[in-house]
There are 2 protein chains.
Amino acid sequence: MQLEKIIQKLKEKGCKITPQRRAVIQSLLNFSKFPTALEVFNDIKATNPDVGLDTIYRNLNLLVEIGIVNSINLPGKDVKVFELSIDGHHHHLVCLNCGQADCLDYCPIDEQGLQTAAGSEFQITGHSLEIYGYCHKCKSALK
Amino acid sequence: MQLEKIIQKLKEKGCKITPQRRAVIQSLLNFSKFPTALEVFNDIKATNPDVGLDTIYRNLNLLVEIGIVNSINLPGKDVKVFELSIDGHHHHLVCLNCGQADCLDYCPIDEQGLQTAAGSEFQITGHSLEIYGYCHKCKSALK
DNA sequence: CTAATTGCAAATAATTTGCACTCGT
DNA sequence: ACGAGTGCAAATTATTTGCAATTAG
């Protein structure tokens with residue numbers, strides 16, 4: 001199970017496993033989309049009304065630091081959404097209407113060719129590709 | 001000159017050309033990097049101490065709406081930087097250390113192949129590719 | 001003239017932080 | 001017990017908005 005594996009990693013880093021920390025991870029696992037901090041908060045509040053939003057932020061940031069989660073900022077919005085990054089390199093299909101982001105296990109980027117295009121002045125370490133458009137639901141709804 | 005061309009476009013949209021609006025455009029033209037709203041503000045304040053930061057924001061947003069400028073959000077930071085988009089489709093080399101962003105006139109994306117990979121459920125309308133790494137200055141400085 | 005634009009100050013919105021208290025180990 | 005973690009409220013940061021006064025066309 002994913003939860004335990006992540007908790008294991010946290011323990012290795014010397015972090016304590018509190019109920020709210022466990023809840024944050026569990027919540028991320030449950031979401032079928034990439035939630036904002038607020039959405040995680042509301043999700044957890046349902047079963048655990050005493051959590052503070054700041055605790056959610058602190059835990060999300062911790063997970064980002066550890067490398068278990070990455071934060072993506074959607075264009076236009078000033079919110080970040082959080083994604084469990086258990087799997088490796090991939091990109092996202094971001095719906096411009098509802099904000100839903102899905103993973104796309106396909107990377108058209110040729111780092112080698114990119115480095116050539118960028119020239120030797122700039123040392124490439126990574127890239128982020130977000131693909132914008134409309135998801136199935138929104139595509140039909142907007143018609 | 002670029003300034004006049006942009007002003008022409010604004011006039012077509014029925015916008016008035018105020019000194020501060022002209023100053024915002026001129027400032028964007030002058031910058032050798034992509035500035036934040038605050039940087040544009042400070043630049044303009046030097047010669048025109050009475051402008052309000054809000055006017056800068058309003059004008060930048062106007063220019064974004066008209067399509068003359070696009071706003072990019074840097075990873076990690078919660079600021080947007082603004083770029084004159086006189087030229088067409090291109091991407092950016094973003095320095096993770098100093099935040100400087102340069103244009104890269106190269107696009108490795110094959111929209112066709114991408115659409116195939118995404119499947120027919122999702123209708124692609126565009127994409128954003130940011131390339132991260134270290135610029136020449138920071139590369140040597142960090143060594 | 002008159003609608004767009006401005007500057008100011010106050011309002012939001014997202015996120016962070018200081019602090020005393022609590023809880024995991 | 002001890003320090004990491006929490007909840008609260010206040011602080012910060014980036015940006016937006018209401019409004020009365022100003023100004024471009």
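Buried means under 20% relative accessible area, exposed over 50% and partly exposed in between, with a 1.4 Å probe and protein chains only. The model is predicted, so local features need pLDDT of at least 70 and side-chain atom pairs count only at pLDDT 80 or more, while totals for chains, interfaces and linings use all residues. Residues are numbered from 1 along each chain as its sequence is written, chains are lettered from A and ligands numbered from 1 in the order in which they are written, and side-chain values use heavy atoms, with hydrogens and water left out.

**Salt bridges**

A:Arg58 forms a salt bridge with A:Asp54, the closest N and O atoms being 2.8 Å apart; the term denotes a side-chain nitrogen of Lys or Arg within 4 Å of a carboxyl oxygen of Asp or Glu. The two residues, four apart in helix α4 of chain A, are separated by about one helical turn. Helices (H or I, at least four residues) and strands (E, at least two) are DSSP runs, numbered from the N terminus. A:Asp54 is partly exposed, at 42%.

Return to chain A for A:Lys33 and A:Glu39, whose closest N and O atoms are 2.9 Å apart in a salt bridge. Over all chains the count comes to four salt bridges.

**DNA strand C**

Display DNA strand C with the 23 residues around it, of which A:Tyr57, B:Thr18, B:Arg21, B:Thr55 and B:Arg58 come nearest. A residue is near a strand if one of its heavy atoms lies within 4 Å of it. For B:Thr18 the corresponding distance is 2.6 Å, while in A:Ile17 a backbone N or O atom lies 3.1 Å from a phosphate oxygen. The elements giving two or more residues to this surface are α4 (53–66) of chain A together with α2 (19–30) and α4 (53–66) of chain B. α4(A) gives the most, with five residues.

**The interface of chains A and B**

Now colour the two protein chains separately. They bury about 2900 Å² between them, 61% of it on carbon and sulfur atoms; buried area is the accessible area (1.4 Å probe) that two parts lose on being put together, summed over both. Select A:Glu121, A:Phe122 and A:Tyr132, which supply 18% of the area that chain A buries against chain B, more than any other three residues. Between the chains the count is zero salt bridges. On the side of chain A that touches chain B, β5(A) gives the most, with 12 residues.

**A:His90**

Finish at A:His90, in the loop between β2 (80–84) and β3 (91–95) of chain A. This histidine is buried, with a relative accessible area of 12%. The A:His90 side chain makes a polar contact with the side chain of A:Glu83 at 2.6 Å, and another of 3.3 Å joins the side chains of A:His90 and A:His92. A polar contact is a pair of N or O atoms within 3.5 Å; within protein, one must be able to donate a hydrogen and the other to accept it, and residues adjacent in sequence count only if both atoms are side-chain atoms.
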